[in-house]
Amino acid sequence: MLEANSGLHIPEHVGIIMDGNGRWAKKRALPRSVGHKYGAQNFRKITRYISKQGVKVLTLYAFSTENWKRPAEEVGALMKLFRQYLVDSLTDFREDDIKVVFIGDRSAFDSKLVELINESEEVAKDRKGMLLNIAMNYGSRDEILRAVKMISRDVRDNKLDPDKITEEDISSRLYTANLPDPDLIIRTGGEFRLSNFMLYQSAYSEFYSTETLWPDFHEEDFDNAVMEYNRRNRRFGGV
């Protein structure tokens, strides 16, 4: 565990692109839905471990705005898993004191699903531990467009001077408003792209990719990512 390694700097905010569930299942001649089921199980275990390492904010990319393009059977299986998680989340992470928040466009979900999302957040709102952002129907371009529309309305209503718009005016209208930008973004499955994940917030994030598929991403894999993060020289555009 990382806590045994004195001197390591633990990133305050970690984002994870959980990739590879489908490929994990294919390697075992199983339906893709089985891969998502094992990925969901791993999500709970890794979340608890990361919380214990001292990370303050964890943002997990669970379902993107582009994922609706997948086969209807797979999308249906994902929604079923999401619904079951929401039922479980009313008690999940309570003993860990983890605060659960969902980010993304909820308008695409049915009313019962939205009610479950709201209830899950309400149950967890007073917890003081790590903040867990679960990105569902999330896309960063959509998020930025949403912020632009909010700013446009404020300009129209004379609440904001267009010549005085700042970066803070933009970031405060993102789903991650009032949160630190991610220090480290981890992508499982071996790909080297952000896939529309926190594009604005990740301007100076460190990126770490691993060939490990998400269901096989364990504690030691997270440790390796943090150790690599500690080897980076973060200059933020300076020398």
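Analyst: What follows goes through helix pairs and then through pockets and a cavity. The model is predicted, so that local features need pLDDT of at least 70 and side-chain atom pairs count only at pLDDT 80 or more, while totals for chains, interfaces and linings use all residues. Residues are numbered from 1 along each chain as its sequence is written, and side-chain values use heavy atoms, with hydrogens and water left out.

User: How is the packing of two helices described, and what are the angle and distance for H2 and H3?

Analyst: Two packed helices are described by the angle between their axes and the distance between the axes. Helices (H or I, at least four residues) and strands (E, at least two) are DSSP runs numbered from the N terminus, and axes are lines fitted to C-alpha atoms, for helices over the stretch in contact, with angles running from 0 to 180 degrees between N-to-C directions. The axes of H2 and H3 come within 9 Å and cross at roughly 25°. The two helices H2 and H3 are therefore roughly parallel, given that angles under 35 degrees count as roughly parallel, over 145 as roughly antiparallel, 65 to 115 as roughly perpendicular and the rest as oblique.

User: Is the crossing of H2 and H3 left-handed or right-handed, and which residues make the contact?

Analyst: A crossing is left-handed if the near helix is turned anticlockwise from the far one by less than a right angle, and right-handed if clockwise; H2 passes H3 in a right-handed crossing. Contact means heavy atoms within 4.5 Å, and on the H2 side it includes His-36, Ala-40 and Phe-43, while on the H3 side it includes Leu-78, Leu-81 and Tyr-85. These contact residues divide into six nonpolar, two polar and five charged, where Ala, Val, Leu, Ile, Met, Phe, Trp, Tyr, Cys and Pro count as nonpolar, Asp, Glu, Lys and Arg as charged, and the others, Gly among them, as polar.

User: At what angle do H2 and H7 cross, and which residues touch?

Analyst: Helix H2 (residues 32-52) and helix H7 (residues 219-231) have axes that come within 10 Å and cross at roughly 45°, and H2 and H7 are therefore oblique to each other. This crossing is right-handed, and its contact is made by Lys-45, Ile-46, Tyr-49 and Ile-50 of H2 with Glu-219, Phe-222 and Asp-223 of H7. By class, the contact has four nonpolar, no polar and three charged residues.

User: Which handedness do H3 and H4 show?

Analyst: H3 and helix H4 (residues 111-124) pack at an angle of about 35°, with their axes 9 Å apart, and their crossing is left-handed. Among the contact residues are Phe-82 and Leu-86 of H3 and Leu-113 and Ile-117 of H4.

User: What is the volume of the largest pocket, and which residues lie nearest its centre?

Analyst: On a 1 Å grid over the protein atoms alone, a cavity is a set of points where a 1.4 Å probe fits but cannot get out, and a pocket is an open set with protein on both sides within 12 Å along at least five of seven lines; lining residues have an atom within 4 Å of a point. Grid points are joined across faces, edges and corners, and a volume is the space filled by probe spheres set on the points. The largest pocket holds about 850 Å³ and is lined by 36 residues, of which Met-18, Asn-21, His-36, Ala-62 and Leu-78 lie nearest its centre. H2 gives the most to this lining, with eight residues.

User: How many cavities of 30 Å³ or more are found, and which residues line the largest cavity?

Analyst: One cavity of 30 Å³ or more is found in a search of the whole structure. The lining of the largest cavity includes Phe-82, Phe-102, Ile-117 and Met-136.
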